[in-house]
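Subject: Structure for your review

Dear colleague,

Please find below the structure that I am handing over to you. I would be grateful if you could read the notes that follow with the structure open beside them.

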Amino acid sequence: NVTLDLNGHELKLANVNNNYSVVINGELTINDSSEPDTGKIILAENGYGLGLTAQATGLTVNGGIFENGANEYAYIIGAYGGKVTINGGTFNSKYCVANAFAQSAQIEVKGGTFNNEGQYAYYFTLLGNNIAVSGGTFENEILGGLMADGYVLRENADGTFAPAEGPYVAEINWGGYIGRFE
C-alpha cells in the first residue's frame with residue numbers, strides 16, 4: 001500500500017506508444033495536503049493512452065488536480081478489474097476522466113469537481129453497470145444511469161450538476177445502460 005501526497009507539487013506522466021503511463025498493481029491513495037489543493041498530475045501530450053490504471057487492485061483519489069494536458073484523447077484514470085474510488089480532487093478533462101475497461105472493474109465517485117474542457121469531453125465510460133456516482137460537482141450533465149442506487153442528478157443554482165439522494169419515477173434499461181429519471 002502506497003500513499004502519494006502531491007503537497008502542491010506537479011507530476012507529469014509520460015506515455016509511450018499509446019500505452020499506460022502508470023500501472024497500479026497494489027493499493028495507491030493520492031492526497032494533496034497543500035492549501036488550497038494545488039498539487040497536479042498531468043498527462044503529457046502522449047497519444048491515446050491512459051494515465052493511472054488500476055489492474056485488479058485499488059486506486060483512491062482524495063485530492064489534487066488531474067488534467068490530460070494538451071491531449072484530447074487520453075483517459076486520466078482507467079480500471080482493468082480494479083476498483084477506483086474518487087472522494088475528491090479536481091478533474092479537468094479534454095476526453096474522459098475515468099474508464100471501466102472490464103466487467104470486474106468498479107468506479108465509485110463520492111466527491112470531486114469535474115470540468116469538461118474539450119469538444120468531445122465526457123466524464124466516464126463503462127462496460128456493464130459498474131460506475132456509481134453519489135457525490136461531486138459536474139460542469140455538465142451526466143447520464144442518469146451512472147448514478148448510485150438511490151441518487152438522481154440535479155441541477156444546482158449555478159448551472160452545475162450534482163447527485164442528490166432522492167427517488168426517481170422511471171428506470172429504463174437499454175442494452176445494459178440504465179437511465180433514471182425524476
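Confidence

Please keep in mind that this is a predicted model. The mean pLDDT of the protein is 80, and 74% of the residues score at least 70. Confidence is highest in strand E1 (residues 2-5), with a mean of 95. Strand E19 (residues 177-181) has the lowest confidence, with a mean of 54.

Salt bridges

How many salt bridges does the count come to? The count comes to three.

One of them joins the side chains of Lys40 and Glu67, with an N to O distance of 3.9 Å. This pair links distant parts of the chain, as Lys40 belongs to strand E5 (residues 40-43) and Glu67 to strand E8 (residues 65-67), 27 residues apart. Is Glu67 buried or exposed? Glu67 has a relative accessible area of 19%, so this residue counts as buried, because buried means under 20%. Lys40, at 24% relative accessibility, is partly exposed.

Another salt bridge is formed by Glu108 and Lys83, whose closest N and O atoms are 3.5 Å apart.

Which residues are linked in a network of salt bridges? They are Lys83, Glu108 and Lys110. Each member of this network can be described by its accessibility. Glu108 has a relative accessibility of 24% and counts as partly exposed. Lys83 is partly exposed with a relative accessible area of 33%, and Lys110 is partly exposed at 45%.

A covered strand and its partner

Strand E9 (residues 75-80) is mostly covered, since five of its six residues are buried. Which strand pairs with E9 in the parallel sense? The partner is strand E12 (residues 96-100), and the two are joined over four bridges. Within this pairing, Tyr75 has Cys96 in E12 as its bridge partner.

With kind regards

Terms used. Residues numbered from 1 in each chain as written. Heavy atoms only, no water. Salt bridge = Lys/Arg side-chain N within 4 Å of Asp/Glu carboxyl O. Buried < 20%, exposed > 50% of the residue type's maximum accessible area, 1.4 Å probe, protein only. pLDDT = per-residue confidence, 0-100. Pairing = 2+ DSSP bridges.
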